[in-house]
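Please keep the structure in view while reading.

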Amino acid sequence: MSTNSTLKIVPKPSSKKNSGRRVTVPDITNRKGGEPVVSLTAYTAPMAKILDPHCDFLLVGDSLGMVLYGLESTLGVTLDMAINHGAAVVRGSTQACVIVDMPFGTYQESPEQAYRNCAKVMIEAGCSAVKIEGGTEMAETVQFLVERGIPVMGHVGLKPQSVNVAGGYRAHGRNQDEAAKVKKDAHAIADAGAFSIVIEGVVEHLAAEITRDISTVTIGIGASAACDGQILVTEDAMGMFTDFTPKFVKRFAEIGDQMDKAAADYAKEVKARIFPADEHCYGKK
Ligand code: KIV
C-alpha cells in the first residue's frame with residue numbers, strides 16, 4: 001500500500017464561523033490548501049450586512065464604478081469613492097475581512113504614491129487590506145507596501161484597469177506566451193509578499209498550475225474551482241442584471257426579476273390608491 005493512500009487530507013476549518021471576531025489577513029493566509037475561501041463584492045452597508053455571515057472577506061471592488069455608478073469601465077473610480085464605500089462596508093459588517101480595491105491611477109506611479117494612497121484608504125475606510133492589479137511591474141510596489149504594514153491582495157490575468165491596453169475583456173492564457181506571462185506575474189506578486197492573489201479570467205489548467213505552484217492563497221473569478229477560494233460580483237451572482245451574464249457567473253438568484261415585479265406591483269397599487277392602506281397610516285385604526 002502506498003503511503004499516499006493512507007494519508008487523509010483534513011481541510012483546515014473556516015476561521016470565521018461563530019468565532020465572534022473579524023477574519024484577519026493571517027486567517028486568510030492560513031487557508032492555503034484548506035477549506036475554500038468564500039468572498040463576494042460589497043459596496044454598501046446594507047449589502048455588507050446581508051453577506052457578512054457568509055463570507056470570509058468582502059471586497060469593495062472598483063467594479064462599483066460600473067455596478068453602482070453606471071460607468072463604462074472601472075477607470076473612473078476615485079479614491080474618495082473607494083474610501084466612502086469601503087467605510088460603509090466596514091460599518092455594515094462585523095465578521096468578514098474587508099478589502100478595498102485601489103482605483104486606477106492611485107498606485108501605479110511609484111511605491112511612494114501607492115503607500116500614500118493605500119495608507120489613506122486603510123486609515124479612512126478602516127479596512128484590513130487593499131487590492132492592487134498588476135504583475136511583475138507592480139512587484140516592487142507590493143514589497144514596499146507589505147514591508148511597511150499594508151497587507152496587499154494581488155490581481156493577475158484579466159486586469160479590468162488595463163482594458164484599454166488589452167483592447168477589451170477576454171480570457172487569458174490560451175496560448176503559451178500569454179500563459180507564461182500570467183504565471184510570471186503571479187509568481188512575482190507572491191514572492192513580493194502579497195497575502196493572496198485574485199486570478200481573473202484565465203484558462204482552467206493555468207489557474208490550477210499557479211495555485212499548485214505558489215504558497216499564496218489564490219482567489220478565482222472565471223478561473224476554475226482549482227483556486228483556493230472564489231469571488232463573484234454580488235450583483236452578477238444575485239441576478240440583478242437582465243442584459244448580460246458573463247460565462248463564469250452563476251446566477252444564484254433572480255433578484256432583478258423580483259425587484260421588477262415588486263416595482264410594478266407598487267406602481268399599480270399607488271395608482272389604484274390601494275397603497276398606503278389603513279395599517280400604513282398614522283392616526284387611523
Ligand atoms: O472590482 C472587482 O469587483 C474585482 C473582483 C471582481 C475581483 O476586482
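Which elements each supply at least two residues of the lining of the largest pocket? They are α4 (64-67), β6 (196-200) and β8 (229-232), where helices (H or I, at least four residues) and strands (E, at least two) are DSSP runs numbered from the N terminus. The model is a predicted one, in which local features need pLDDT of at least 70 and side-chain atom pairs count only at pLDDT 80 or more, while totals for chains, interfaces and linings use all residues. Residues are numbered from 1 along each chain as its sequence is written, and side-chain values use heavy atoms, with hydrogens and water left out.

The pockets come first. Rolling a probe the size of a water molecule over the atoms shows where empty space is left. On a 1 Å grid over the protein atoms alone, a pocket is an open set of points with protein on both sides within 12 Å along at least five of seven lines, in contrast to a cavity, where a 1.4 Å probe fits but cannot get out; lining residues have an atom within 4 Å of a point. The largest pocket has a volume of about 1100 Å³, a volume being the space filled by probe spheres set on the points, which are joined across faces, edges and corners. Its lining comprises 38 residues, and Y169, E200, D236, P246 and F248 lie nearest the centre. By class, this lining has 19 nonpolar, 8 polar and 11 charged residues; Ala, Val, Leu, Ile, Met, Phe, Trp, Tyr, Cys and Pro count as nonpolar, Asp, Glu, Lys and Arg as charged, and the others, Gly among them, as polar.

The second largest pocket has a volume of about 290 Å³. Two or more lining residues come from each of β1 (37-41), β7 (217-221) and β8. Of the 16 residues that line this pocket, L40, Q230, I231, L232 and F252 lie nearest its centre. The class counts here are 10 nonpolar, 5 polar and 1 charged.

In soluble globular proteins, nonpolar side chains tend to be buried together. A nonpolar core is a set of buried Ala, Val, Leu, Ile, Met, Phe, Trp, Tyr and Cys residues joined through side-chain atoms within 4.5 Å; buried means under 20% relative accessible area, exposed over 50%, and partly exposed in between (1.4 Å probe, protein chains only). The largest such core has 60 residues, of which L58, M102, V121, V130, I132 and I150 touch the most other members. Apart from it lies another core of 16 residues, including I28, V37, I99 and V217.

V121 lies in helix α6 and counts as buried because its relative accessibility is 0%. With neighbours within four places in sequence left aside, V121 is in contact (heavy atoms within 4.5 Å) with L79, I83, V100, M102, G126, C127 and V130.

Just after α7, G149 takes a positive phi of about 95°.

Helix α10 (residues 204-213) may be read by its faces. Its buried residues are L206, A207, I210 and T211. The face turned away from the buried side carries the exposed residues E204, H205 and R212. E204 counts as exposed because its relative accessibility is 56%.

Some backbone features remain. S224, in the loop between β7 and β8, has a phi near 85°, a positive value in a residue other than glycine. At 18% relative accessibility, S224 counts as buried. R273, in the segment after α12, has a positive phi near 55°, and at 74% relative accessibility R273 counts as exposed. P276 also lies in the segment after α12 (255-271), and the peptide bond from F275 to P276 is cis, with omega near -5°.
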